[in-house]
Amino acid sequence: MTAEDRTHPAVERVEAALQEAGIEPRVRWFESATPTAVSAAAELGVEIGAIANSLVFTIDGEPLLVMTSGAHRVDTAFLGERLGGRIRRADAETVKAATGQTIGGVAPLGHPERLRTVVDVALAGYPEVWAAAGHAHTVFPTTFAELVRITGGEPGPVEPTPTES
C-alpha cells in the first residue's frame, strides 16, 4: 500500500471536516506512529512548539479539547481557574466517546459533536503548525488562526506566564 492509498475512518472524517471548513486536506501519513509531540516534531523536522497537541480533558464532567503547543504542558489548576471549572485528564474511553478517535491521534476536528476548545496562544508564534489527523500515523499542516476558526476555539494561555507563577 502506498502512502496515497492509506485510509482510516477517523482520518476520512477529519478530511471531510477540513473540506467542509473550506480547507484542502493535506494529511501526511508516517510509517511509524507519532503519538507524542516529540515524535511528530522529529518526524517532520520542526520545532516541538510547532506541534499542536490535541489533549482531551473534562471540565466539570464535560469534554474539553485543549490544543496546546508541544512545548507546553497544560496547567490544569491554572486553566480551570481561567475557565471557571475543575479540569481533569480524560480517560481513553472518554476521549474515544467525545472525539471518535484514540489517544495519540486525536485531531482538532472530525468529532461526533463540536467540543468546547481552548487553543494555546503559543501556537501563534509559528507560521505553520501540525496537528494529528485522526490516527497516530497522521498529521496535517494548519495555522494558529485556522485552528481557532475550524475548532471554534477560544485562544488563551494554558499555563501561567513566568510572572504569574
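Trainee: Which residues of helix 5 are buried?

Mentor: This is a predicted model, in which residues are numbered from 1 along each chain as its sequence is written, local features need pLDDT of at least 70, and side-chain atom pairs count only at pLDDT 80 or more. Totals for chains, interfaces and linings use all residues, and side-chain values use heavy atoms, with hydrogens and water left out. Helices are DSSP runs of H or I with at least four residues, strands are E runs of at least two, both numbered from the N terminus; buried means under 20% relative accessible area, exposed over 50%, partly exposed in between (1.4 Å probe, protein chains only). In helix 5 the buried residues are Phe144, Leu147, Val148, Ile150 and Thr151.

Trainee: What is the phi of the residue that follows helix 5?

Mentor: Helix 5 covers residues 144–151. Gly152 follows helix 5, and its phi is positive, near 65°.

Trainee: In what order do the elements of the protein chain run?

Mentor: The protein chain holds five helices and eight strands. Read from the N terminus, the order is α-β-α-β-β-α-β-α-β-β-β-α-β.

Trainee: What share of the protein chain's contacts with a separation of 6 or more joins residues 24 or more positions apart?

Mentor: The C-alpha trace spans about 50 × 30 × 30 Å along its principal axes, and 48% of the 165 residues count as buried. With contact taken as heavy atoms within 4.5 Å, the share for residues 24 or more positions apart is 64%.

Trainee: Which element gives the largest share of the lining of the largest pocket?

Mentor: A pocket is an open set of points on a 1 Å grid over the protein atoms alone where a 1.4 Å probe fits, with protein on both sides within 12 Å along at least five of seven lines; lining residues have an atom within 4 Å of a point. The largest pocket has a volume of about 380 Å³ (the space filled by probe spheres set on points joined across faces, edges and corners), and Pro35, Asn53, Ser54, Leu55 and Gly104 lie nearest its centre among 23 lining residues. Helix 2 (37–44), strand 2 (51–59), strand 6 (129–132) and strand 7 (138–142) each give two or more residues to this lining. The largest share, six residues, comes from strand 2.

Trainee: Which helices each supply at least two residues of the lining of the second largest pocket?

Mentor: The second largest pocket contains about 250 Å³ of space. Its lining has 15 residues, and those nearest the centre are Ala17, Leu109, Gly110, Arg114 and Ile150; Ile150 is also among the buried residues of helix 5. At least two lining residues each come from helix 1 (9–20) and helix 5 (144–151).

Trainee: Why does Thr142 count as buried?

Mentor: Thr142 lies in strand 7. Thr142 counts as buried because its relative accessible area is 4%.

Trainee: What distance separates the C-alpha atoms of Gly105 and Arg28?

Mentor: Gly105 sits in the loop between helix 4 (92–99) and strand 5 (116–120), and is buried at 0% relative accessibility. Beyond residues up to four places away in sequence, Gly105 touches Ala132, Ala133, Gly134, His135 and Ala136. Gly105 and Arg28 are 77 residues apart along the chain, and their C-alpha atoms are separated by 12 Å.
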